[in-house]
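This briefing covers helix packing, the nonpolar core and a set of individual residues. The sequence and the structure come first, and the notes follow by topic.

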Amino acid sequence: MIRFGTDMDDCLIDTSSQILKVLGKPGKKIYNSISRYEISKCLNIPIEIVEKVIEYVLNLENIPTIKDVEEYLPKIYTIVDYFSIITLRKPSSRPLVVGSVQNLLGETKSFHLFLSDRRANGVPDKASIIEKIKLDVFVEDRFATSLDIVEKTNCKVFLFDKPWNRNRRKHHGIIRVFSWEEIYDKLLEMREK
Ligand SMILES: [Mg+2]
């Protein structure tokens with residue numbers, strides 16, 4: 001039995017590349033310089049501008065997907081017993097999120113979608129949802145969220161390797177992953193145990 005969940009932005013779709021593009025800062029070199037979660041601090045752009053751009057990008061349909069996800073997400077769907085998406089996005093973006101995930105999985109596949117709130121410290125409160133639905137594995141790119149999850153739940157986190165989570169130290173329960181193929185292989189291994 002594997003109860004599986006994943007974040008959406010920067011795990012399923014390449015949201016950050018899109019944000020950098022709209023900010024007029026495209027390209028791999030700039031992307032790789034985003035060494036913290038705050039784009040405005042990394043690029044020295046006023047936070048109000050970055051927030052406006054993020055708001056705009058989060059309303060876009062058809063943000064390009066993360067490499068491999070189109071091939072492996074449907075495969076993962078078939079080997080897990082519970083499939084969920086937990087994202088910080090606003091309730092108004094629910095139809096857009098459903099559409100994006102259904103593009104990846106296929107129209108007929110049902111899944112569980114949860115829109116998380118933010119804690120007072122700014123970290124998305126995914127842990128309380130994960131605790132409630134008893135996930136075994138969650139895929140996330142933000143280190144602070146990952147840490148919150150492993151500290152408060154029994155859920156393992158697959159931390160998707162990104163420039164903004166690379167300089168964090170290792171932590172028990174947080175496993176760095178580099179591709180959806182690797183996530184699929186790890187889930188297969190877990191299933192055989
Ligand atoms: Mg994310």
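Leaving out residues up to four places away in sequence, Thr15 touches Asp9, Asp10, Val57 and Ile63. The model is a predicted one.

- Thr15 belongs to helix α1, which spans residues 15-22.
- Thr15 counts as buried because it has 20 C-beta neighbours inside 10 Å, and the cut-off for buried is 20 or more.
- Thr15 and His172 are 157 residues apart along the chain, and their C-alpha atoms are separated by 28 Å.
- Asp10, one of the residues that Thr15 touches, sits in the loop between β1 (3-6) and α1.
- Asp10 is not a glycine, yet its phi is positive, at about 70°.
- Asp10 is buried, since 20 other C-beta atoms lie within 10 Å.

**Helices α1 and α4**

- Helix α4 covers residues 47-58; its axis and that of α1 come within 9 Å and cross at roughly 125°.
- This angle makes α1 oblique to α4.
- The crossing of α1 past α4 is right-handed.
- On the α1 side the meeting residues are Thr15, Gln18, Ile19 and Val22, and on the α4 side they are Val53, Ile54, Tyr56 and Val57.
- Sorted by class, this contact of α1 with α4 holds 6 nonpolar residues, 2 polar residues and no charged ones.

**Leu58 in α4**

- Leu58 is also part of helix α4.
- Leu58 is buried because 20 other C-beta atoms lie within 10 Å.
- Not counting residues up to four places away in sequence, Leu58 touches Arg89 and Ser93.
- Leu58 and Ser93 are 35 residues apart in sequence, with a C-alpha to C-alpha distance of 8.1 Å.

**Helices α5 and α9**

- Helix α5 (residues 69-79) packs with helix α9 (residues 180-192) at an angle of about 15°, and the two axes are 9 Å apart.
- The two helices α5 and α9 are therefore roughly parallel to each other, a term that applies to angles under 35 degrees.
- The crossing of α5 and α9 is left-handed.
- From α5, the contact uses Val69, Tyr72, Leu73, Lys75, Ile76 and Ile79; from α9, it uses Trp180, Glu181, Ile183, Tyr184, Leu187, Leu188 and Arg191.
- The residues of this contact of α5 with α9 are 10 nonpolar, no polar and 3 charged.

**The largest nonpolar core**

- The largest nonpolar core has 34 residues, and those touching the most other members are Ile76, Ile130, Val137, Phe138, Cys155, Phe158 and Ile183.
- Two or more residues of this core come from each of α5, β2 (82-87), α6 (94-105), α7, β4, α8, β5 and α9.
- Ile76 and Ile183 also take part in the contact between α5 and α9.
- Phe138 is in contact with Gly5, Thr6, Ile130, Ile149, Cys155 and Val157, leaving aside its neighbours within four places in sequence.

**Helix α8**

- Helix α8 runs over residues 143-152, and its buried residues are Phe143, Thr145, Ser146, Asp148 and Ile149.
- These buried residues of α8 pack against α7 (127-133), β4 (137-140), β5 (156-160) and β6 (174-177).

- Lys134 lies in the loop between α7 and β4.
- Phi of Lys134 is positive, near 55°, although the residue is other than glycine.
- Lys134 counts as exposed because it has 11 C-beta neighbours inside 10 Å, and the cut-off for exposed is 12 or fewer.
- Ser84 counts as partly exposed, with 18 C-beta neighbours inside 10 Å.
- Not counting residues up to four places away in sequence, Ser84 touches Phe4, Gly5, Phe111, His112, Phe114, Ile133 and Leu135.
- Ser84 and Arg119 are 35 residues apart along the chain, and their C-alpha atoms are separated by 21 Å.

How values were computed
Residues numbered from 1 in each chain as written. Predicted model: local features only at pLDDT ≥ 70, side-chain atom pairs only at ≥ 80, totals over all residues. Helix = DSSP H or I, 4+ residues; strand = E, 2+ residues; numbered from the N terminus. Contact = placed C-beta atoms within 7 Å. Axes fitted to C-alpha atoms, helices over the stretch in contact; angles between N-to-C directions. Parallel < 35°, antiparallel > 145°, perpendicular 65-115°, else oblique. Left-handed = near helix turned anticlockwise from the far one by under 90°. Nonpolar A, V, L, I, M, F, W, Y, C, P; charged D, E, K, R; others polar. Core = buried A, V, L, I, M, F, W, Y, C linked by C-beta atoms within 7 Å.
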